[in-house]
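Please look over the sequence and the structure before reading on.

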Amino acid sequence: MKVRVGINGYGTIGKRVATAVSRQDDMEIVGITKTKPSYEAALAVEFGFPLYVPEGSVQLFKDAGVKTAGTIQDLYKKVDIMVDCTPGGVSERYKAEYTAAGIKAIWQGGEDHSLTGISFNASANYRESWGAQFSRVVSCNTTGLLRTLYPLDKEFKIRHAFVTLVRRGADPGDSKAGPINAIEPSVKLPTHHGPDVQSVMPWLDIQTMAVKVPTTLMHVHTLTVELGSDTTTEDVLDVWRKSPRVRLVKSSDGVKSTAQIMELSRELGRSRNDMYEIVIWEDGVKVIGNMLYYYQAVHQESDVIPENIDCIRSMCKMEEDAARSIAKTDRAMGI
Ligand code: NAD
């Protein structure tokens, strides 16, 4: 029997998780939620996702001609697990509702680790969410850092990592956020990204700084990593070549910026042009003694999507082995 999944909050992340779940053979979408009868709500219905809405809004959707299947509370009765992709501010209320309904739930990186007490990354700590009622898939940036730092730490033992995050100002579909003509440093130091990585790798010595820039495509990280022993650039690249959801590109092949990375995902024919992998510029990796320097790019809208699928498998005890779950997810998503 397939695990029954509901999506609460069908926005940037929620709609991608819905598509990804639909592509797996061991889970299915039984409903998604929308609070307003927007074009996205109408499209979700067109795609065949049963639509559940807040109790007081059924008439609003009816008046707009968007077909609903019931209230959000009705959906709780139909699911094994909710993937909560709502924006900040409503998590405590929904946590109380999921608890009362006796269902499992996954939150996203906008929520604090303290909400669930468990944070998830498929390669680094798949088993920690095994059978759990609640877990949290860490943010896009934290997922990016874990994907490349965790395998390095396993191989070379990281002594210290220092990261500067160059963050996108808004998602492509967002016309409210910014900046549109400025560079904005995060002045509260260190930024929250380091502690967020430590919610999965508590032993890692990591410090982070961040600036927000006027772009919507991707984030870029610059990393300086002190390794436990001297090594070579080639040995480091070999570690990443064997790591899941990491893609090496070359500036010398024409992938000079995030613009060409997004063009590459369009060429690959990915759903919504998504780049699920963390992209490292191979010719921008340099090891000197035990110091490693590199750049990576993070597609904020999609790198966490396969992680949500693996988190469902761990929490619902569907596959014991992380590597097997990752491989299954990636096959179904064309990664
Ligand atoms: P979004 O604004 O694109 O989507 C949120 C959705 O939730 C919208 O469809 C909205 O209508 C709906 N919603 C709002 N209030 C609701 C309520 N009370 N009940 C049910 N639904 C409600 O947001 P997003 O970018 O998808 O972010 C969702 C979560 O994912 C956040 O925790 C965010 O931090 C995290 N996240 C976002 C990104 C990103 O770059 N967009 C990346 C990784 C993680």
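Which of the 20 residues around the ligand come nearest? They are Thr12, Ile13, Lys34, Tyr94 and Asp171, where a residue counts as near if one of its heavy atoms lies within 4 Å of the molecule. This is a predicted model, in which local features need pLDDT of at least 70 and side-chain atom pairs count only at pLDDT 80 or more, while totals for chains, interfaces and linings use all residues. Residues are numbered from 1 along each chain as its sequence is written, and side-chain values use heavy atoms, with hydrogens and water left out.

- Ile13 places a backbone N or O atom 2.9 Å from an oxygen atom of the ligand.
- Lys34 has a polar side-chain atom 2.8 Å from an oxygen atom of the ligand.
- For Tyr94, a polar side-chain atom lies 2.6 Å from a nitrogen atom of the ligand.

**Helix α1 against helix α11**

- Helix α1 (residues 12-22) packs on helix α11 (residues 305-315) at an angle of about 60°, and their axes are 9 Å apart; helices are DSSP runs of H or I with at least four residues, numbered from the N terminus.
- Axes are lines fitted to C-alpha atoms over the stretch in contact, and angles run from 0 to 180 degrees between N-to-C directions.
- That angle makes α1 oblique to α11, oblique being what remains after under 35 degrees (roughly parallel), over 145 (roughly antiparallel) and 65 to 115 (roughly perpendicular).
- The crossing of α1 and α11 is right-handed, meaning that the near helix is turned clockwise from the far one by less than a right angle.
- Ile13, Arg16, Val17, Ala20 and Val21 of α1 meet Ile305, Asn308, Ile309 and Ile312 of α11, contact being heavy atoms within 4.5 Å.
- By class, this contact of α1 with α11 has seven nonpolar, one polar and one charged residues.

**Helix α11 against helix α12**

- The axes of α11 and helix α12 (residues 322-333) come within 10 Å and cross at roughly 130°.
- α11 and α12 are therefore oblique to each other, and their crossing is right-handed.
- On the α11 side the contact involves Ile305, Pro306, Ile309, Asp310 and Arg313, and on the α12 side Ser325, Ile326, Lys328, Thr329, Asp330 and Met333.

**Lys212**

- Lys212 belongs to strand β11 (residues 206-213), a strand being a DSSP run of E with at least two residues.
- Not counting residues up to four places away in sequence, Lys212 touches several residues, among them Arg167, Arg168, Pro179 and Glu184.

Terms used: Ala, Val, Leu, Ile, Met, Phe, Trp, Tyr, Cys and Pro count as nonpolar, Asp, Glu, Lys and Arg as charged, and the others, Gly among them, as polar. A polar contact is a pair of N or O atoms within 3.5 Å; within protein, one must be able to donate a hydrogen and the other to accept it, and residues adjacent in sequence count only if both atoms are side-chain atoms.
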